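Here is a short report for a reader meeting this structure for the first time. Please keep the sequence and the 3D view at hand.

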Amino acid sequence: MKEIEKPEKGNQIIEEAAQAEYKYGFVTDIETEVIPKGLDEGVVRRISALKGEPEWLLDFRLKAYRHWLTLKAPTWGHVHVPDIDYQDISYYAAPRQKKEGEAKEIDPELKKTFDKLGIPLEEQLRLSGMAVDAVMDSVSVKTTYRERLAELGVIFCSISEAVKDYPDLVRKYLGKVVPYTDNFYAALNSAVFSDGSFVYIPKGVRCPMELSTYFRINAAQTGQFERTLIVADDDAYVSYLEGCTAPMRDENQLHAAIVEIIVEDRAEVKYSTVQNWYPGDKDGKGGIYNLVTKRGLCRGDHSKLSWTQVETGSAITWKYPSCVLMGDHSVGEFYSVALTNNWQEADTGTKMIHLGKNTTSTIVSKGISAGHSQNSYRGMVKIAPKATNCRNFTQCDSLLLSDTSGAHTFPVIEVGNDTSVVEHEATTSKINEDQIFYCNQRGISTEDAVGLIVNGYAKEVMAKLPMEFAVEAQKLLSVSLEGAVG
Amino acid sequence: MLIIKDLQASIEDKQILKGINLTVKPGEVHAIMGPNGSGKSTLSAVLTGNPAYTVTGGSVEFNGKDLLALSPEDRAHEGLFLSFQYPVEIPGVSMVNFMRTALNEKRKYFGQEPLSAADFLKLMREKRSIVQLDNKLASRAVNEGFSGGEKKRNEIFQMAMLEPKLSILDETDSGLDIDALRIVASGVNTLKSKDNATIVITHYQRLLDYIKPDFVHVLYKGRIVMSAGPELALELEDKGYDWIKEQVDSQQ
């Protein structure tokens, strides 16, 4: 009897796609000012001096640095961060910009870079009214729409400029939500942070456009340590987006950022991230270590903070965007899709700390693991004894796309009173071959079918993203999955 | 249109199809009947390229092409459609998105531009009226929370959208009440033309009252053991399958 082979086209597509290139892996050829590798007090002082910082900030940095020396890198995450040689990293890299006349023109190379990333820096070219702060390596390159926002009293600029122009505001809030003593990477960031965004929404103002920061690592052998500080005063509202990419390199690069958010009475902040740092190649070589501390303080009564994240990049992800719900009736939300492929490792989740009465929090986490990756949800819901009548709902789903990947959940729940209600739901499932065949039969290839099914699975979270981001994020999920199903 | 020669197939080393021969011409409706476990659903799965089955012999020609050499999605593009016995749910994926992807993949296969959103929605409106599928269902996730009847109507709706050359209806009547059965059958009849063909797989005569077959085949133990005109279905309804089983088994 003749043996007839089944069509093997599927495998071939997967082979090809696995070798598909990371779209943002290019390097911009631009003159860069780099501080030599290594870290000591002199380097901390030099960064501060380069930025012309006031004494109090240098002081903050030095305290952080000295504290960092006493700390060890955390090892509790379900990730394998190798011993990082902190003396082998450059802590400051700034693309050198030509200054022509009075107006600060953007270097054409830089402009081209951001165009290529789909982030045009000319305001008139943007399709939607979205203000952007573009950060390359250690410095902010350009912030758009500043003047228009200023008319409303909204401050949106790089944190370096904020230190100069609004020192009192920065001093009032910097390090108040994430103190430098918080953890190893937070201490390091506090010592050497170079740039990032600053946002202040005054009382009663609804920010009329989405604000966004686009982080780009370009220079080799450098780390990026940016710091974002967002303050929404009473009755203010802002939706803030963060995007990030990096070139493809065989070495690993460190990204240790801090995001601090303060939400006052009845104010609301929506913070959305599409994290697309270079994840390394299909054999796990290279990629960004994304070790980030993000936390918001809902200080005001009836305040609300919502985190939405789509995590597809980075070799290692270690981050837990959290909410401290201090004001009574404050609301914290965390919506997350974390997709890992090849040899990526992600340990991500959130902490909801209920301190105020009648506070509520919602956690929806969707993990997707493919290839040989490891994907962990780590969450804490803590309700203080005095925080009565609190509510939390947690839904934590994992989808496995391969037999060689792992999905893990590490939830911690502490409830300090008996008037609060905490719910936790969790599921783990494998991608269903019947679903894929159903799509195939309708003419949809296996790759596209997996993209559709995964996007469907993540829909609840994707729906929380602002429109401009949602489409991009959907494509990103599909692209990141290329070669994921064998 | 379809020429199946001595088709043999197995699942997990168990031989299910033991040499199927069948020729379908444009404009024809063929009914395949037979007792449980005779290989009816296996035949539809093998023709559409379900990877759970292994073809161990024989050939299938579809409009001049070697069907078995094509991937499942290319078979679909070439005009082969299966109305599933158990349509699967795909949570979070809207019917609109699903159908649009399917249709545009087919257009791409033939070097055509994707359909504009407006044209697509117009087409969708037009086609869903064929099976009285309301707008709400069309915008919900694929089969999610659909009743049995809605799922089957949704299958015929997809058939209408994709305009296949050969449709295989696998037990489309199972789980349908009489009203849903009428809607589904009238949908199929509306889509019937002299250029396309239909294979109806069913246990019962009931569906064949509405979708009139030109030929009726009886599948038993992985082979077509009897072929005749529509009168055979009536005879089976009357006498059951035992007499055929006895006839076949005595010959072996």
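A:H302 is partly exposed in this predicted model. Around A:H302, 18 other C-beta atoms lie within 10 Å.

B:E12 is not a glycine either, yet B:E12 has a positive phi of about 45°. Its place is the loop between β1 and β2 of chain B. B:E12 is exposed, because 8 other C-beta atoms lie within 10 Å and the cut-off for exposed is 12 or fewer. Most residues other than glycine have a negative phi.

**The sheet of chain B**

**Strand pairs in both chains**

Strands of a sheet pair through backbone hydrogen bonds, either parallel or antiparallel. The table lists some pairs.

| Strand | Partner | Sense | Bridges |
|---|---|---|---|
| β1 (residues 2-11) of chain B | β4 (residues 54-62) of chain B | antiparallel | seven bridges |
| β19 (residues 360-369) of chain A | β21 (residues 391-400) of chain A | parallel | 10 bridges |
| β21(A) | β23 (residues 421-430) of chain A | parallel | 10 bridges |

A:I363 stands opposite A:T394 in β21(A). A:F393 has A:E423 in β23(A) as its bridge partner.

**Nonpolar cores**

In soluble globular proteins, nonpolar side chains tend to be buried together. Here the largest nonpolar core has 186 residues. A:V199, A:I261 and A:V269 have the most contacts inside that core. Take A:V269. Leaving aside residues up to four places away in sequence, A:V269 touches A:I230, A:A232, A:V238, A:Y240, A:I261, A:V263, A:G296 and A:L305. A second, separate core has five residues, including A:V132, A:A134, A:V135 and A:F215.

**Where the chains meet**

Contacts between the chains involve 24 residues of chain A and 31 residues of chain B. On the chain A side, α1, α9 (433-441) and α10 (446-457) each supply at least two residues. Which helix gives the largest share of that side? It is α9(A), with six residues. By class, the chain A side has nine nonpolar, seven polar and eight charged residues.

**Confidence in chain A**

Chain A averages a pLDDT of 84, and 82% of its residues score at least 70. Confidence is lowest in helix α1 (residues 9-18) of chain A, with a mean of 36. It is highest in strand β16 (residues 322-325) of chain A, at 98. Two stretches stay under 50. For residues 98-103 of chain A, with pLDDT under 50, the model has four contacts beyond four places in sequence. For residues 124-128 of chain A, also under 50, the model has three such contacts beyond four places in sequence.

Key:
Residues are numbered from 1 along each chain as its sequence is written. Chains are lettered from A and ligands numbered from 1 in the order in which they are written. This is a predicted model: local features need pLDDT of at least 70, side-chain atom pairs count only at pLDDT 80 or more; totals for chains, interfaces and linings use all residues. Two strands pair if DSSP finds at least two bridges between them. Helices (H or I, at least four residues) and strands (E, at least two) are DSSP runs, numbered from the N terminus. pLDDT is the predictor's confidence in each residue, from 0 to 100. Two residues are in contact if their C-beta atoms, placed from the backbone, lie within 7 Å. Ala, Val, Leu, Ile, Met, Phe, Trp, Tyr, Cys and Pro count as nonpolar, Asp, Glu, Lys and Arg as charged, and the others, Gly among them, as polar. A nonpolar core is a set of buried Ala, Val, Leu, Ile, Met, Phe, Trp, Tyr and Cys residues joined through C-beta atoms within 7 Å. A residue is buried if 20 or more other C-beta atoms lie within 10 Å of its own, exposed if 12 or fewer, and partly exposed in between; C-beta atoms are placed from the backbone.
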